[in-house]
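Here is a short briefing to read alongside the model. Have the structure open and follow the topics one by one.

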Amino acid sequence: MSNLNEPSVLDYLKYKLGMIKNLELLDEESQPEPENEFSAEIESPFKRTSDLSRDFNPAEEDESENLPLANLQLFTPLPWRSLLALFLALLAQWNFEPPHQGPSAATGGLLVYLAAFAMLTLAYLNGEWRLPPYRKFEEQFDSLRISLIKIVAILLGVFLAFAAFFTFTDNRFTLFNTFPWLLAIFLFVWGLWRTGEKKEKIKINPKWGILLLAVSAIILFFRFYQTGTVPPEPFSDHAEKILDVYDISQGETRIFFPRNTGREAIQMYWTLLVAKVFGTGLSFFSLKLGTALLGLLTLPYIYLLGKEVANKRVGLIAVFLMGISYWHNVISRVGLRFPLYPLFVAPTLFYLLRGIRRQSRNDFILAGLFLGLGSHGYSPFRIMPFVIVAAIAIYLIHKQSRGVRQQIIIHLIFLALISVIVFLPLGRYALENPNGFSYRAFSRLDNGTGEGWKIFASNLWDGIKMFNWDNGGIWVHS
C-alpha cells in the first residue's frame, strides 16, 4: 500500500469535469482507508516529464506505467530552446536557398547555423530532450559447435567456387562458374546457421499499423509520382547503361562492365529484369523505374535500423523523413546507380548492430551476405568493410563486450568469410584487371595531379554542403 497522499477517484472525476482546477495533495487523515490493496493507486493517463527519459525502455515501449496522480506534472514547460534552435536552423537554410547567393549569404547562413547548434546544446543541457537509453543486450552463448559433415560441405563448396572462377571465367557469368558459386553461398549459410536462437516478438498494434500505412502512402506518392517525366531527359551515362543492358540481352553476361570507366553489375541485370517484368523495354524509363524501386526497397531497413538504435517511433520518423527527402528521391529517380549504396548499407548496419546486441551468429551471417552483395552495386560501397571493422573495434573496447569478445571476433570472421564468397566473381576480375577495377575510384581521388589530399579535402567540403545548400551544377543530380 502506497504511503503517498493522493486524490481519490472522485477527485479525479471532478477534475475531469472541470469542478476543480488543480489536483492537490490531500491530508492523509481525510482519505478513506482503501478496501483492498488495489484501490491504493489508480491507473494514470499521464507521465511526469522527469520520468520520460529515466523510465523509458525501448524494448518495452508498449508497456504502460501506473503512477500516482499526486506526483503528476500536468503542464510541462514550453521547450523554447529547442523550438528556437529549429527556427534558427530554418532561417540559416533560407540564407542558402535561391535567390540568396554570394559569400555574404553563405557567411550569414553559417553564423545562424552555429547559433542554432548552440541553442540545441543549451536545450540538451537543460533537459528539454534526451537521447533514448541503450537497448538491452541479450547475451546468447554460442558454443560454436559445427558438425563435421557441415564443415566438409562448406569447404567443398568454397573449393568448387574458387576453382570455377579461376578456371571457367573471362569476366563472364556462366553456368560453370555461377552454379558452384551459388552452391558455396548456400552451403556456407546452411552450415553455419544456428538453430534455436532467440527470436524477437513482433507486436501488431492496429493504430500503429494504420499510421504505418498512412506514412507508406505518402512515401509512395513521392517516390513514383510522374516517374515517366521527372527527370525528363537522359544524358550520356544513361545511354552507356542502356548499351550495357543491351549487351546482357545479347548474351554478354559480364561480371564487371568496363564501359565508361567501369561499373559493377547489379543495376544492369536489375534493369533488364524490370524491363521484362513491366514491359518498358530498353529505355530511360526502365532505368528510372528500376532505381526508384531500389530506393523504395531501402526504406524498410531504414525503419528497422531506427528501431534497432532507439525504438519504433524513431524508426517511423526516420523512414518518413527519408521517404520524402529531396536527396534520396533525386538519387532514386535519376536512373543511375546511386541508390544501390544506401540499399546495402542499411541492412548491413542493421544486422551488424542487432548481431552485436543479441550476440547472434545468424545476424552476422546476414550482415556478411549484404556486405558481399553491396560490393556488386556501387563503387563507394567498398568503404563498408572498414566501417564494420571500426564498429567492432569500438564495441570491443567498451565494457558491454566483457565475456563475449572472443565470440564476437569469431562471428566477425564468419561475416568476413561469407562476404568474400559473395564478392568472389568481382574479386576474381579485380585480381586479373586491377587497373580497370580501381580506375573509377582513383580517377576521382587523384585525377593524375599528385595532390590527392587537396582533392579529398575539396570533396569532403562539397559533400558537407550538398545536402543543405549546394549540390553541384550537374542538373541530373540536383
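Thr169, Asn171, Ile255, Pro425, Arg428, Tyr429, Glu432 and Asn433 line the largest cavity in this predicted model. That cavity has a volume of about 40 Å³, and a search of the whole structure finds one cavity of 30 Å³ or more.

**Nonpolar surface patch**
- On the surface, a nonpolar patch is formed by Leu78, Trp80, Leu83, Leu84, Phe87, Leu91 and Trp94.
- Together, these patch residues have about 730 Å² of accessible area.
- Leucine 78, one of the patch members, sits in the loop between α2 (49-55) and α3 (80-96).
- Leucine 78 has a relative accessible area of 60%, so it counts as exposed.

**Threonine 227**
- Look for threonine 227 in the loop between α7 (206-224) and α8 (236-249).
- Its relative accessibility is 6%, under the 20% cut-off, and therefore threonine 227 is classed as buried.
- Setting aside neighbours within four places in sequence, threonine 227 contacts Phe285, Lys288, Leu289 and Arg333.

**Leucine 396**
- Leucine 396 belongs to helix α15, which covers residues 384-396.
- Not counting residues up to four places away in sequence, leucine 396 touches Ser401, Arg405, Ile408 and Ile409.

Key. Residues are numbered from 1 along each chain as its sequence is written. This is a predicted model: local features need pLDDT of at least 70, side-chain atom pairs count only at pLDDT 80 or more; totals for chains, interfaces and linings use all residues. Side-chain values use heavy atoms; hydrogens and water are left out. Helices (H or I, at least four residues) and strands (E, at least two) are DSSP runs, numbered from the N terminus. Contact means heavy atoms within 4.5 Å. Patches are made of residues with over 30% relative accessible area and no salt bridge: like charges are joined within 9 Å, nonpolar side chains (Val, Leu, Ile, Met, Phe, Trp, Tyr) within 5 Å. Accessible areas come from the Shrake-Rupley method with a 1.4 Å probe; for residues, only the protein chains shown count as cover. A salt bridge is a side-chain nitrogen of Lys or Arg within 4 Å of a carboxyl oxygen of Asp or Glu. Buried means under 20% relative accessible area, exposed over 50%, partly exposed in between (1.4 Å probe, protein chains only). On a 1 Å grid over the protein atoms alone, a cavity is a set of points where a 1.4 Å probe fits but cannot get out, and a pocket is an open set with protein on both sides within 12 Å along at least five of seven lines; lining residues have an atom within 4 Å of a point. Grid points are joined across faces, edges and corners, and a volume is the space filled by probe spheres set on the points.
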